[in-house]
Each structure stands twice: as structure tokens, then as C-alpha cells.
Amino acid sequence: MNITLQYFDSCPGWKVVEGRVKDIIEDQGLQASLNYQRIETRKDAEKYQFAGSPTLLIDGQDLFAIGKMPVGFACRTYLTDDGMAPSPSVEQLEEAMGV
């Protein structure tokens, strides 16, 4: 499994996603690589069709996309069982990662 974490530095949600993904990979013994793609400008956001920070691509697919996601240089939020959050829950990430 190839996982790409798209982010920009000033958005705090990406560190949460990073920690959760690393824990899942380790805890489940997954054969997965975690790669990083820092988005630095609005031009980068357009070039990579960036749906906000953090965006997690699994084998090139944004499994958390809802319909046509807007492209932009902004923090992203996720609908979790606890309401809107800057990161998917551990359970949502595990489901997206197939564990």
C-alpha cells in the first residue's frame, strides 16, 4: 500500500493524521510506505488538485473525498462520529486502510 500525506506546515491536522497512520501501520504490521507531499502555494494546490490539509491518498485515491472536492490552500475537516475534526478518526483511517 502506498500512502501519501499531502499537507502544509501551518495546518495542525496533518501531524495528527501522521501519528495515527504510523501507529496503524506498526500495530497492524502492514506493508505500507508513508510518503509526504508538502503543498507550499496555491499554485501547488491547483497542480496537485489538493483538497486541503491534511489529505491522505491511498494508492493515489482520496478515500475521504465526498463528491467533487474543492481544490484550495486551506485546512481540511472531516466528519467523524464526534462531529467535525481536523483529522479522520482512527477507526475511519483503519477502514480506509483496509484493516
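## The disulfide

A disulfide joins C11 to C75, with an S to S distance of 2.4 Å. This is a predicted model, and the structure holds one disulfide. C11 sits in the loop between β1 and α1, while C75 sits in the loop between β4 and β5 (78-80), so the pair ties together parts that are 64 residues apart in sequence.

C75, at 47% relative accessibility, counts as partly exposed.

## The sheet

Let's turn to the strands. Four of them make an open sheet in the order β2-β1-β3-β4, with mixed pairing. At the edges are β2 (33-38) and β4 (61-62), each of which pairs on one side only.

Taking the pairings in turn, β1 and β2 run parallel and are joined by six bridges. β1 and β3 run antiparallel, with four bridges joining them.

The β3 and β4 strands pair in the antiparallel sense over two bridges, and in β4 the bridge partner of I58 is Q61. These two strands, β3 and β4, form a hairpin with two residues between them. In the turn, D59 has a positive phi of about 50°.

## What covers the sheet

Which strands does helix α1 lie across? Helix α1 (residues 13-28) lies across β1, β2 and β3 (55-58), and runs at about 165° to β1.

Both faces of β3 are covered. T55 and L57 on one side are buried, and so are L56 and I58 on the other.

In soluble globular proteins, nonpolar side chains tend to be buried together. Here the largest nonpolar core has 15 residues. Those with the most contacts inside this core are I3, V21, L56, I58, F64, L93 and M97. The elements giving two or more residues to this core are β1, α1, β3 and α3 (90-96), and α1 gives the most, with five residues.

A second, separate core has five residues, including F8, C11, I39 and F50.

Not counting residues up to four places away in sequence, L93 touches R20, V21, I24, L56, F64 and P88.

## Aromatic pairs

How many aromatic pairs are there? The count comes to six aromatic pairs. In one of them, the rings of F8 and F50 have centres 6.4 Å apart and planes at 70°, so the pair is edge-to-face. F8 lies in the loop between β1 and α1, and F50 in the loop between α2 (42-47) and β3, so the pair ties together parts that are 42 residues apart in sequence. F8 and F50 are both buried.

The rings of F64 and Y78 have their centres 5.6 Å apart and their planes at 85°, so this pair is edge-to-face too. F64 is in the loop between β4 and β5 and Y78 is in strand β5, so this pair, 14 residues apart, links distant parts of the chain. Are F64 and Y78 buried or exposed? F64 counts as buried at 15% relative accessibility, and Y78 is buried with a relative accessible area of 6%. Ring pairs also link Y7, W14 and Y36 into a cluster.

## The start of the chain

Finally, M1 is placed in the segment before β1 (2-7). M1 is partly exposed, with a relative accessible area of 30%. Leaving aside its neighbours within four places in sequence, M1 is in contact with L30, Q31, A32, S33, I58, D59 and M97. Among these partners, I58 and M97 are listed with the most contacts inside the largest core, and D59 is in the hairpin turn. The C-alpha atoms of M1 and V21, which are 20 residues apart along the chain, are separated by 12 Å.

Terms used. Residues are numbered from 1 along each chain as its sequence is written. This is a predicted model: local features need pLDDT of at least 70, side-chain atom pairs count only at pLDDT 80 or more; totals for chains, interfaces and linings use all residues. Side-chain values use heavy atoms; hydrogens and water are left out. Buried means under 20% relative accessible area, exposed over 50%, partly exposed in between (1.4 Å probe, protein chains only). Contact means heavy atoms within 4.5 Å. Two strands pair if DSSP finds at least two bridges between them. Axes are lines fitted to C-alpha atoms, for helices over the stretch in contact, and angles run from 0 to 180 degrees between N-to-C directions. A disulfide is a pair of cysteine sulfur atoms within 2.5 Å. A nonpolar core is a set of buried Ala, Val, Leu, Ile, Met, Phe, Trp, Tyr and Cys residues joined through side-chain atoms within 4.5 Å. Rings of Phe, Tyr and Trp (its six-membered ring) pair if their centres lie within 6.5 Å; planes under 30 degrees apart count as stacked, over 60 as edge-to-face and the rest as tilted.
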